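Hi,

Here is the structure I promised to pass on to you.

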Amino acid sequence: ARNSISLNNDFNNTTFSSINQDKSFGDLMYANASEDKAGRLIDYRRMAAFSEIQDALDEICDETINPDENDSIVILKFKNDDLTSDKKKELYDEFDRYIENYDLHNHGWKYFHQFLVEGELYFEQVLHDEYVNQGVLAVINLPADQIDPVYDNIQNMHVKAFIYQKPIFDKNDPKKVEKFEPIPMAADQIVYINNGSFNETKEFVVPFIENCRRAYRQLSMIEDAVVIHRMVHAPL
């Protein structure tokens, strides 16, 4: 943790921004995803906590994260390879050692749930100057609303770097974020995964849960309306 850029601060309880919403019916029901990333992700997380959506996400994650007969959740496969058996064994061993950093048996379900809700996953690869030969020592899951990829060419989606917004906490109030300090991070310093779906202008990633936005709005509003209707007609 001391060698991690994302965890290298005095306090780790980061507070997030809130979202302001237009209450008009048309804007609420048919609005596109917000360009404000922090507010957009908070809205998605709120949707994911809705009972029907939560049940659906749980079922998808249960079906996805499962160990095979060898107790492996992910495996390495080669295509059109001309490698010797020794080289393959070396790659298999290195792959298994690297995957252990993610601890998918304990955290894989949570990572995939986050992937469905937010559409992106960011992991910082922790290295140490004195243990370069050891490679990646650990990985740290970064909040998606505090980091963004920098594209060299948005058309081919080539990522050349990342910008991490490191929270700087108030010394007098450890729960208050005083400011965010932008920190550039190299492309190979971050493991970045997205679902490949973008908004109509290709400005940001749209997660899987975006598909149920309108149905979620309709169902939640109908449920509230039914409660009011029954209370009004209760005396009858």
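Below is what I found in it, going from the whole chain to single residues.

First, a caution: this is a predicted model. Everything that follows should be read with that in mind.

**The chain as a whole**

There are 236 residues in the chain, and 31% of them are buried. Its secondary structure consists of six helices and six strands. If you walk along the sequence, the order is α-α-α-α-α-β-β-β-β-β-β-α. As for contacts with a separation of 6 or more, 60% of them link residues 24 or more positions apart.

**The core**

Which residues have the most contacts inside the largest nonpolar core? They are Tyr122, Phe162, Ile190 and Ile209, in a core of 39 residues. Quite a few elements give two or more residues to this core: the helices α2, α3 (51–64) and α5 (104–118), along with the strands β1 (120–126), β2 (138–142), β4 (158–169), β5 (177–186) and β6 (190–194). The one that gives the most is α5, with six residues. As background, nonpolar side chains in soluble globular proteins tend to be buried together.

**Two helix pairs**

Next, have a look at α3 and α5. Their axes come within 10 Å and cross at roughly 130 degrees, so the two helices are oblique to each other. The crossing is right-handed. On the α3 side the contact is made by Leu57, Asp58, Ile60, Cys61, Asp62 and Thr64, and on the α5 side by Trp109, Phe112, His113, Leu116 and Val117. Sorted by class, that contact has seven nonpolar, two polar and two charged residues.

The other pair is α2 (residues 37–48) with α6 (residues 213–233), whose axes come within 11 Å and cross at roughly 60 degrees. These two are therefore oblique to each other, and their crossing is left-handed. Here α2 brings Asp43, Tyr44, Arg46 and Met47, while α6 brings Arg213, Tyr216 and Arg217. What is the make-up of this contact by class? It has three nonpolar, no polar and four charged residues.

**A residue in α5**

Phe115 sits in helix α5. Is Phe115 buried or exposed? Its relative accessibility is 17%, so Phe115 counts as buried, the cut-off for that being under 20%. Not counting residues up to four places away in sequence, Phe115 touches Glu120 and Leu121, as well as Ile193, Asn194 and Asn195.

**Some loop residues**

Asp71 lies in the loop between α3 and α4 (85–100) and has a phi near 65 degrees, a positive value in a residue other than glycine. With 47% relative accessibility, Asp71 counts as partly exposed. Asp103 is in the loop between α4 and α5. Its phi is positive too, at about 45 degrees, although Asp103 is not a glycine. The relative accessible area of Asp103 is 29%, so this residue is partly exposed.

Finally, there is Leu137, in the loop between β1 and β2. Its relative accessible area of 37% makes Leu137 partly exposed. Leaving out neighbours within four places in sequence, Leu137 is in contact with Asn101, Val126 and His128. The C-alpha atom of Leu137 is separated by 9.8 Å from that of Arg97, a residue 40 places away along the chain.

That's everything from me for now.

Best wishes

Notes
Residues are numbered from 1 along each chain as its sequence is written. This is a predicted model: local features need pLDDT of at least 70, side-chain atom pairs count only at pLDDT 80 or more; totals for chains, interfaces and linings use all residues. Side-chain values use heavy atoms; hydrogens and water are left out. Axes are lines fitted to C-alpha atoms, for helices over the stretch in contact, and angles run from 0 to 180 degrees between N-to-C directions. Helices (H or I, at least four residues) and strands (E, at least two) are DSSP runs, numbered from the N terminus. Angles under 35 degrees count as roughly parallel, over 145 as roughly antiparallel, 65 to 115 as roughly perpendicular and the rest as oblique. A crossing is left-handed if the near helix is turned anticlockwise from the far one by less than a right angle, and right-handed if clockwise. Contact means heavy atoms within 4.5 Å. Ala, Val, Leu, Ile, Met, Phe, Trp, Tyr, Cys and Pro count as nonpolar, Asp, Glu, Lys and Arg as charged, and the others, Gly among them, as polar. A nonpolar core is a set of buried Ala, Val, Leu, Ile, Met, Phe, Trp, Tyr and Cys residues joined through side-chain atoms within 4.5 Å. Buried means under 20% relative accessible area, exposed over 50%, partly exposed in between (1.4 Å probe, protein chains only).
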